[in-house]
Amino acid sequence: MPNARRLELVLLQASCADRPQAYTVWNCPLVEDINVDNQISLENNTKQTLKLYFHGSISPSLLPLNLLQAIKMASQENTMIDISLGIAGYPTDGGSHLASLLTEATGLGIERSVKYLGAHSRIDLLKLCRQYDVGICFYDDTADELNH
């Protein structure tokens, strides 16, 4: 199971709380999966890019609308950096939150900076994320979400 809480629940439901074959295995990339070649430097007075990347379930708690407002504000405050966001994954609500994100991006005038990349297999996600500088992840700690 990917986290201790989920493992505990599965063992409880399966009536085998002391089963030694059950493990928590974190769903994290290997060191060799991480791209360390994309370094950002503001030393040379040329406009730089900062490419943010998200993959996972596209929902308000994991990919909040206020991220887009932060991208716009940060881009306005530092005109030497172009900030963009690539979103890979699947909508969990029939696509309404994804539509809200894209509509919000248009309303903020940053629609060219926000791109939905579609849903991909795990191996393709790892290849895709190498094209970006920073992976982002949000969790709503008030939600009673078993997967978090």
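Guide: Let us begin with handedness: a crossover is right-handed if, with the strands pointing away from the viewer, the path from the first strand over the helix to the second runs clockwise. Please keep in mind that this is a predicted model.

Visitor: Which elements make a right-handed β-α-β unit here?

Guide: The unit is made by strand 1, helix 2, which covers residues 66-77, and strand 2. Strand 1 (residues 48-58) and strand 2 (residues 81-91) run parallel, and eleven bridges join them.

Visitor: How many bridges join strand 1 to strand 4?

Guide: Two bridges join them, and strand 1 and strand 4 (residues 134-135) run parallel. Here the residue to look for is Tyr 53, which stands opposite Gly 135 in strand 4.

Visitor: How should I read a nonpolar core, and which residues touch the most other members of the largest one?

Guide: The general idea is a set of buried nonpolar residues joined through side-chain atoms within 4.5 Å. The largest nonpolar core has 20 residues, of which Leu 63, Leu 68, Ile 71, Leu 85 and Ile 87 touch the most other members. Strand 1, helix 2, strand 2 and helix 3 (96-108) are the elements that give two or more residues to this core. Apart from it lies another core, of six residues, including Tyr 53, Ala 88, Leu 128 and Tyr 132.

Visitor: Is Leu 63 buried or exposed, and why?

Guide: Leu 63 has a relative accessible area of 0%, and because buried means under 20%, Leu 63 counts as buried. Leu 63 is found in the loop between strand 1 and helix 2. Leaving aside neighbours within four places in sequence, Leu 63 is in contact with Phe 54, Ile 58, Ile 87, His 97, Leu 101 and Ile 136. Leu 63 and Leu 98 are 35 residues apart in sequence, while their C-alpha atoms are 9.2 Å apart in space.

Visitor: Finally, what lines the second largest pocket?

Guide: Rolling a probe the size of a water molecule over the atoms shows where empty space is left. In the second largest pocket, about 160 Å³ of space is found. The lining has 13 residues, and Asp 82, Ile 83, Ser 84, Arg 112 and Ser 113 lie nearest the centre of this pocket. Strand 1, helix 2 and strand 2 each supply at least two residues of that lining.

Key:
Residues numbered from 1 in each chain as written. Predicted model: local features only at pLDDT ≥ 70, side-chain atom pairs only at ≥ 80, totals over all residues. Heavy atoms only, no water. Pairing = 2+ DSSP bridges. Helix = DSSP H or I, 4+ residues; strand = E, 2+ residues; numbered from the N terminus. Buried < 20%, exposed > 50% of the residue type's maximum accessible area, 1.4 Å probe, protein only. Contact = heavy atoms within 4.5 Å. 1 Å grid on protein atoms, 1.4 Å probe; cavity = no way out; pocket = protein on both sides within 12 Å on 5 of 7 lines; lining within 4 Å. Points joined across faces, edges and corners; volume = space filled by probe spheres on them.
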